[in-house]
Amino acid sequence: MIFYIIAIILLFLIVNYLEKNLYYQFLHELILILIYFLFVGGIFNLFHVSTYYLYTIMLFVSMIEIMLLYYKELNSSRNPYSFYRYLFFVLFVYLLNRGFIDKLDFIFPTLGELKILIWIMVLFYLHWYFKKFLRDKRNRRMISLVKDDYLMIQYVHLKNTYGKNICPKDKSNQSLIYAILLYEVNRRPFILRKMDIILYRLDGLSRKFGVMQIKANRVISDEESIKRGIKRIDMISKNLSSDIKKEKRRRMILERYHYTERERDNILNIYKRVLLFEKG
């Protein structure tokens, strides 16, 4: 009984802390509850405490939360859908309890299972490392592999499509903005940008959107991403001393914008080509 009471109190505190301090989505909340009950079930097994009524922990917490919802003053962390959400959580934990936890004698992985998990982590790490290596290699070679004629076609397309939106306060930054756009278009083409929107619909996490890859908590259009990017560049440029040489000034703008040294080199290489396009 003591174990159940402690588990109820801990879950109640965790749920309320997350609701007040983290803006997570329903899927993340479900995953956290899954992890919590797997962990609690493992501890119960270690101390030979029955897990048959483990779901009642979620039931009691849900009842408390629903009571707070309906009998106390509503606040921003509680919404009209909480009642149905908690009912779903109770059902989810009940099925987890009966269908998985109750059927295991020991929830925490054994040494043999840990060995498998370690190898899985090694394989994931190697996959991540080689993927990063190939991506970095692709980024290094991207500018040199893109032919001038293809780059010029992209430049003309961007100018025709978004030219009316590219109006920085400092006109000397206009070519640099086109260089940033060309770099981002090659790094994050149209299909991948659409995938970002689809992923946002699934998990609700903030990520970079639009042709200028601006991080936002909601989906923004290509035009809005350009406006936000230009506004940011204008602000950075305004805060730089007018005595700074133009070449160093461009590099400092890119640095303060968010780009790494390698990315700055790539964008400045494109910038030189943009100048040739504009002269031609």
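Predicted model: local features only at pLDDT ≥ 70, side-chain atom pairs only at ≥ 80, totals over all residues.
Biologist: Where is asparagine 173 found, and is it buried or exposed?

Modeller: Burial is read from relative accessible area: buried means under 20%, exposed over 50%, and partly exposed in between (1.4 Å probe, protein chains only). Asparagine 173 is found in the loop between helix 6 and helix 7, and it counts as buried because its relative accessibility is 3%. For its neighbours we use contacts, meaning heavy atoms within 4.5 Å. Leaving out residues up to four places away in sequence, asparagine 173 touches Pro168, Ile233, Ser237 and Ile253.

Biologist: How many helices and strands does the protein chain have, and in what pattern do they follow one another?

Modeller: Helices (H or I, at least four residues) and strands (E, at least two) are DSSP runs, numbered from the N terminus. The protein chain has 11 helices and 2 strands, and along the sequence they read α-α-α-α-α-α-α-α-β-β-α-α-α. Of the contacts with a separation of 6 or more, 63% join residues 24 or more positions apart. Buried residues are 39% of the 280 in the protein chain.

Biologist: How is the span of helix 7 checked against its number of residues?

Modeller: The expected span of a helix is 1.5 Å times one less than its number of residues. Helix 7 (residues 174-187) has 14 residues and should therefore span 20 Å, which agrees with the 20 Å between its end C-alpha atoms. Helix 7 is also mostly covered, with 11 of its 14 residues buried; among them are Ser175, Leu176, Ile180, Leu181 and Glu184.

Biologist: How many residues does the largest nonpolar core have, and which helix gives the most to it?

Modeller: In soluble globular proteins, nonpolar side chains tend to be buried together. A nonpolar core is a set of buried Ala, Val, Leu, Ile, Met, Phe, Trp, Tyr and Cys residues joined through side-chain atoms within 4.5 Å. The largest one here has 37 residues, and Ile166, Leu176, Ile180, Leu181, Met212 and Ile267 have the most contacts inside it. At least two residues of this core come from each of helix 6 (148-162), helix 7, strand 2 (214-216), helix 9 (222-239), helix 10 (246-257) and helix 11 (261-279). Helix 7 gives the most, with 9 residues. Leucine 176, for instance, touches Arg250, Ile253, Leu254, Ile267, Leu268 and Tyr271, not counting residues up to four places away in sequence. A second, separate core of 25 residues includes Ala7, Ile57, Val61 and Val93.

Biologist: How many salt bridges does a search of the whole structure find, and with which residue does arginine 187 form one?

Modeller: A salt bridge is a side-chain nitrogen of Lys or Arg within 4 Å of a carboxyl oxygen of Asp or Glu. The search of the whole structure finds 9. Arginine 187 forms one with glutamate 184, their closest N and O atoms being 3.1 Å apart. Both residues lie in helix 7, 3 residues apart, about one turn of the helix. Glutamate 184 counts as buried because its relative accessible area is 1%, whereas arginine 187, at 24%, is partly exposed. Glu184 and Arg187 are linked with Glu263 in a network of salt bridges. In another pair, aspartate 196 and arginine 188 meet at 2.7 Å, N to O; aspartate 196 is buried at 6% relative accessible area, and arginine 188 is partly exposed at 26% relative accessibility.

Biologist: Where is histidine 258 found, and which residues does it touch?

Modeller: Histidine 258 is found in the loop between helix 10 and helix 11. Its relative accessibility is 29%, so it counts as partly exposed. Not counting residues up to four places away in sequence, histidine 258 touches Glu184, Lys208, Arg232 and Glu263.

Terms used:
Residues numbered from 1 in each chain as written. Heavy atoms only, no water.
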